[in-house]
Amino acid sequence: LTQLQGLQYKTVADAVGSGNLTWTVQDDGGTANGGVDTLTETISITVGAVNDVPVRTAGSPAAVSVNEDSANSTAVTLGMGTLTYGPGGGSDESAQTLTYTVTVIPSCITVWLADGTTQVTAGSTVTLTQLQGLKYKTVANANGSGSLTWTVQDNGGTANGGVDTLTETLSITVGAVNDVPVRTAGSPSA
């Protein structure tokens, strides 16, 4: 009885549904003369669906570390070609669609689509293919470090405490390089 009173439960990962926990209590009086020796009890259990955060299913963003002015004119890949994402949770979320949004760009770089001519700004929504192909250019005479940040959001909502957005970051460092002195005025005459 003490063990019955102390029973606990754990939910099964990504499982939803309802059913009954059932147990019997049986005495030792037997069933002679139409007697009944067993009581059956039940408790109803319902596990409701909660939206899970999307997950990265492949790839890993590798930090970028370059020198100042190393890519001012030609866009260079950010190396995110192997990244893939999927809805989190179980089969009940498999039909969800994902939206990718670039949210933060460090001030020492600019970000471009794979074509190298279409600039991406903070707040831009991109496809997975576009995200994988993102490139950067260094900003002239700028150095520093920061994180390129993007979100992956599913369309499952946040009802019942669910989470619908995964935030990802890529560390970027643009190291300072000493520039040649410049003439700021005048011109030497022959």
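**Close-up views of a predicted model**

View 1. The phi angle of Asn141 is positive, at about 60°, although the residue is not a glycine.

**View 2. Asp69, in the loop between β4 and β5.** Asp69 sits in the loop that links β4 to β5. Its phi is near 65°, a positive value in a residue other than glycine. With a relative accessible area of 27%, Asp69 is partly exposed.

**View 3. The five-stranded sheet.** This open sheet has the strand order β4-β13-β12-β7-β10, and its pairing is mixed. The edges are β4 (64-67) and β10 (125-126); each has a single partner strand, so one side of each is left without a neighbour in the sheet. Strands of a sheet pair through backbone hydrogen bonds, in a parallel or an antiparallel sense. Both senses can be followed in the next two views.

**View 4. The parallel pair β4 and β13.** The strands β4 and β13 (residues 165-175) run parallel and are joined by four bridges. Within this pair, Val64 stands opposite Ile172 of β13.

**View 5. The antiparallel partners of β7.** On one side, β7 pairs with β12 in the antiparallel sense over six bridges. Thr101 has Thr151 of β12 as its bridge partner. The pairing of β7 with β10 is antiparallel too, over two bridges. Here Tyr100 stands opposite Val126 in β10.

**View 6. The four-stranded sheet.** Four strands make up an open sheet with the order β5-β11-β8-β9 and antiparallel pairing. Its edge strands, β5 (76-77) and β9 (119-120), each pair on one side only. Between β8 and β9, which run antiparallel, there are two bridges. Trp112 stands opposite Gln119 of β9.

**View 7. The largest nonpolar core.** This core has 26 residues, and the ones that touch the most other members are Leu78, Leu134 and Trp150. Two or more residues come from each of β4, β7 (98-104), β8 (109-112), β12 (144-154) and β13. The most is given by β13, with four residues.

**View 8. The surroundings of Leu78.** Neighbours within four places in sequence are left aside in this view. The remaining contacts of Leu78 are Val64, Leu134, Lys135, Tyr136, Leu148, Leu170 and Ile172.

**View 9. The largest pocket.** Rolling a probe the size of a water molecule over the atoms shows where empty space is left. The largest pocket has a volume of about 260 Å³. Its lining consists of Leu4, Leu7, Gln8, Tyr9, Leu21, Trp23, Ile43 and Ile45. Two strands, β1 (17-26) and β2 (38-47), each supply at least two residues of this lining. Sorted by class, the lining holds seven nonpolar residues and one polar residue, with no charged residues.

Note on methods: Residues are numbered from 1 along each chain as its sequence is written. This is a predicted model: local features need pLDDT of at least 70, side-chain atom pairs count only at pLDDT 80 or more; totals for chains, interfaces and linings use all residues. Side-chain values use heavy atoms; hydrogens and water are left out. Two strands pair if DSSP finds at least two bridges between them. On a 1 Å grid over the protein atoms alone, a cavity is a set of points where a 1.4 Å probe fits but cannot get out, and a pocket is an open set with protein on both sides within 12 Å along at least five of seven lines; lining residues have an atom within 4 Å of a point. Grid points are joined across faces, edges and corners, and a volume is the space filled by probe spheres set on the points. Ala, Val, Leu, Ile, Met, Phe, Trp, Tyr, Cys and Pro count as nonpolar, Asp, Glu, Lys and Arg as charged, and the others, Gly among them, as polar. A nonpolar core is a set of buried Ala, Val, Leu, Ile, Met, Phe, Trp, Tyr and Cys residues joined through side-chain atoms within 4.5 Å. Buried means under 20% relative accessible area, exposed over 50%, partly exposed in between (1.4 Å probe, protein chains only). Contact means heavy atoms within 4.5 Å.
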